[in-house]
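I opened this notebook to record what I looked up in one structure. The entries follow the order in which I consulted it.

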Amino acid sequence: MLRPIRTLAAAAAALALVSACNSASDGSSPGKPGGAGNSRGVSADSIKVGGIVSMTSAGGYSKKDTDLGAKARYMRANAEGGINGRKIDYLGAEDDGQDPAKNMAAARKLVQQDKVFAIAPMSSVTFSGADFLEQEKVPTFGWGTLPSFCGPRYIYGFNGCLVPSPGGTLNQTWPEGIAQLLGGAAGKSVAVIANDSDAGKFGIRTFRQGFAAAGFNVAYAKASVPATAVPSDWSAYVKEILESNDGKAPDAVVSVMQTPNNIGLFTALKRSGYRGLLSDPTDYDPALLAKDATKQALDGVHVLLQFQPFESSDAQTARFKADVKAAAGGQDVPLSMHTLTGYMSADLFVSIAQRAGKELTVESFQAAAQGFSDTGTLVGDRSEPKGQKDSFGCGALVQLRGGAYEVSVPFSCRRPVPFK
């Protein structure tokens, strides 16, 4: 019962939808789930699910593979009989264009017009629709890299909460993995740079603390790069970074940005003569290897993964690859972390919904989530509601070398540290 991917209406229509729905919905809203027996999006034989993904963006960056990953997991669930006898009616992903207004409009459309039971996946650097979805009690699943995935009752990160509030914990895969590559963190310095956005500012806040907890001297930590356009001149940023360690270059430069920014920054650093370690959490995508200039810019970069690398030979990875191939019409398609984001967002939704039983309501779903746990997934061991406060603590690093990715720090689960 899978439908083709849908696109947003024209910008004017989207803005009109936002304006029309600007006030909080009342008890008569079609998005109001109400009590048991009145479950939005659930019929006798189907469960309606939608997604919100940055399929396009002003800078050309796209997370479109997220939609394919979700489709792949839902196709397998349906082939296995659905969720307790109900097939998943996946509407595809709405494109928010990394625009807060469009993110909100997409959330309202899916709930009030399409009447979905859940949103899985939600993948964007903006999540302005979070408060609305929480208010409307819509189970929502995505990559927990934004604060909205940490704390709300109805919003879940497929690998837990990665941007915790005080009292939560920090995943130490990145700082401890880089320390392993450098032969230890003692006496080593790191520079962390991000976009001037909500996601960038939270990234700086968390990774500054995480690297310090691992024993690094955090010589530089700024969310200073414009979020709306890729700089044409990186010289000012490079100068600051290369002088941040008491006038010297740091041992590692960590970028909490997307691919176009990483290409510009890393190219400028290499041209300046920088020979330290470079790392980011974004550029694990075989499609990037199609262009020689991109391969050269990212060669040697260690990429943070919060899931089992595709180069792994375990059964879970093999099943993921087979599912994606089936969803792509039997074709071998390049895999990316966006594909995995969609797949694992859908997987967590399916796994919890299965345990909610035949009488699926928002209430029964939430009750199942409160005692949910499983082991050995592509993101390690999962547990709720732990994942709404803490990360699942697992990850790996891969390095692009000679036009191919190699595992530089194997997948493992590390003890998280308290976030203050």
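For these entries I took contact to mean heavy atoms within 4.5 Å. Helices (H or I, at least four residues) and strands (E, at least two) are DSSP runs, numbered from the N terminus. I noted that this is a predicted model, in which local features need pLDDT of at least 70 and side-chain atom pairs count only at pLDDT 80 or more, while totals for chains, interfaces and linings use all residues. Residues are numbered from 1 along each chain as its sequence is written, and side-chain values use heavy atoms, with hydrogens and water left out.

Entry 1, helix H5. I looked up which residues of H5 (173-181) are buried (under 20% relative accessible area, with exposed over 50% and partly exposed in between; 1.4 Å probe, protein chains only). In H5, Thr173, Trp174, Pro175, Gly177, Ile178 and Ala179 are buried. I then asked what covers the buried residues of H5. The cover includes helix H6 (198-213) and the strands S9 (252-256), S10 (277-280), S11 (302-305), S14 (394-401) and S15 (404-413). After H5 comes Gly183, with a positive phi near 75°.

Entry 2, strand S14. Of the 8 residues in S14, 7 are buried. I checked its pairing, where two strands pair if DSSP finds at least two bridges between them. S14 pairs with S11 in the antiparallel sense over 4 bridges, and Leu397 in S14 is the bridge partner of Leu304. S14 also pairs with S15, again antiparallel, over 7 bridges. The hairpin of S14 and S15 has 2 residues between the strands, and Gly402 there takes a positive phi near 60°.

I found Val398 in strand S14, standing opposite Val407 in S15. Is Val398 buried or exposed? Val398 is buried, because its relative accessible area is 0%. Beyond its neighbours within four places in sequence, Val398 is in contact with residues including Tyr284, Val301, His302, Pro309, Glu311 and Val407. Val301 lies 97 residues from Val398 along the chain, yet their C-alpha atoms are separated by 8.2 Å.

I looked up how the axes of H10 (residues 315-327) and H11 (residues 337-356) are placed: they come within 12 Å and cross at roughly 95°. H10 is therefore roughly perpendicular to H11. Arg319, Phe320, Asp323 and Val324 of H10 meet Thr339, Leu340 and Tyr343 of H11.

Note on methods. Axes fitted to C-alpha atoms, helices over the stretch in contact; angles between N-to-C directions. Parallel < 35°, antiparallel > 145°, perpendicular 65-115°, else oblique.
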